[in-house]
Amino acid sequence: MTTAINATAAINASPATSRTARVDDLAPPAASESPDLADEAYHALLEMIQLGRLTADRPLQERALAATLGISRTPLREAMSRLIGGGFAVRTARGQLMVREPTLRQYLEILQMRTLLEGEAAASAATRIDAQVARSVIAQLEAHRAAGDTGKDENHRIDNLVHDTIAQASGNQLMARTIHDLRIKARTFDQNGAPDRFGPGIEEHIVLLQALIARDPESARSAMRRHLESARAGLVARHTSL
């Protein structure tokens, strides 16, 4: 295992992550079969953004990140350039590199794209997913609900587990990779999440996975769309007067 990935695992280590697969274990694979240090650093930075380790309110510090990932600044700079190219980060007028936080309008556009793509991914996954995998995810959801852990890290881990599992099971790697990227961009908008969505979100995820186990593409598509539309309604209610 390479230095960059080892460093990321150390940063994100917790009792929850030690029991189950990390985010990258379920994330769409990189295009290259033999990724170099810059590629590994890029994916490590994406994971750190998604888990809230890198936030939109602080500049990305080259020296600190290079030390954290255990690499030189040359591959790190290439990875940072890729973050800009992918729309995950932006260079300010002062030359500082910041994680890009979407506006509410941009977030809603991202969510609209997710609803379209993830609905189709769920329908496709209903004909392909291993039922035992889906049951295992349901078991983790039920354990999460029983524990009542509304903390950001564990909620993000569970949400990633559900959505990345379904995207991967769709069998369409381009769609899975696009969904993965959209979810990272969406995650930077509302890092604190919504405690009031804890119970409803788990129930919506379980209904969705049950539709997959039943091999019912239309029910799976509808369940995914309802889940994302509920998330949208809750977020709009928190951030606007609508």
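Because the model is predicted, local features need pLDDT of at least 70 and side-chain atom pairs count only at pLDDT 80 or more, while totals for chains, interfaces and linings use all residues.

**Stop 1: H11 and H12**

Select residues 198-213, helix H11, and residues 217-239, helix H12. Helices here are DSSP runs of H or I, at least four residues, numbered from the N terminus. The two axes come within 8 Å and cross at roughly 165 degrees; axes are lines fitted to C-alpha atoms over the stretch in contact, with angles from 0 to 180 degrees between N-to-C directions. H11 and H12 are therefore roughly antiparallel (over 145 degrees). The crossing is left-handed (the near helix is turned anticlockwise from the far one by less than a right angle; clockwise is right-handed).

Now show side chains. On H11, the contact residues include Gly201, His205 and Leu208, and on H12 they include Ala220, Met224 and His227 (contact means heavy atoms within 4.5 Å). This contact divides into seven nonpolar, five polar and two charged residues. Nonpolar covers Ala, Val, Leu, Ile, Met, Phe, Trp, Tyr, Cys and Pro, charged covers Asp, Glu, Lys and Arg, and the others, Gly among them, are polar.

**Stop 2**

**Stop 3: H8 against H11**

Go back to H11 and select residues 131-147, helix H8. The axes come within 10 Å and cross at roughly 165 degrees, which makes H8 roughly antiparallel to H11. H8 passes H11 in a left-handed crossing. Look for Val137, Ile138 and Leu141 among the H8 residues, and Ile202, Ile206 and Leu209 among those of H11. The contact has ten nonpolar, three polar and four charged residues.

**Stop 4: charges over rings**

Which residue lies over the face of Tyr42? Select Arg82, at 3.9 Å from the ring centre. Next, zoom to Phe88, where the charged end of Lys185 sits 5.1 Å from the ring centre. A charge sits over a ring if NZ of Lys or CZ of Arg is within 6 Å of the centre and within 35 degrees of the ring normal.

Technical notes:
Residues are numbered from 1 along each chain as its sequence is written. Side-chain values use heavy atoms; hydrogens and water are left out. Helices (H or I, at least four residues) and strands (E, at least two) are DSSP runs, numbered from the N terminus. Angles under 35 degrees count as roughly parallel, over 145 as roughly antiparallel, 65 to 115 as roughly perpendicular and the rest as oblique.
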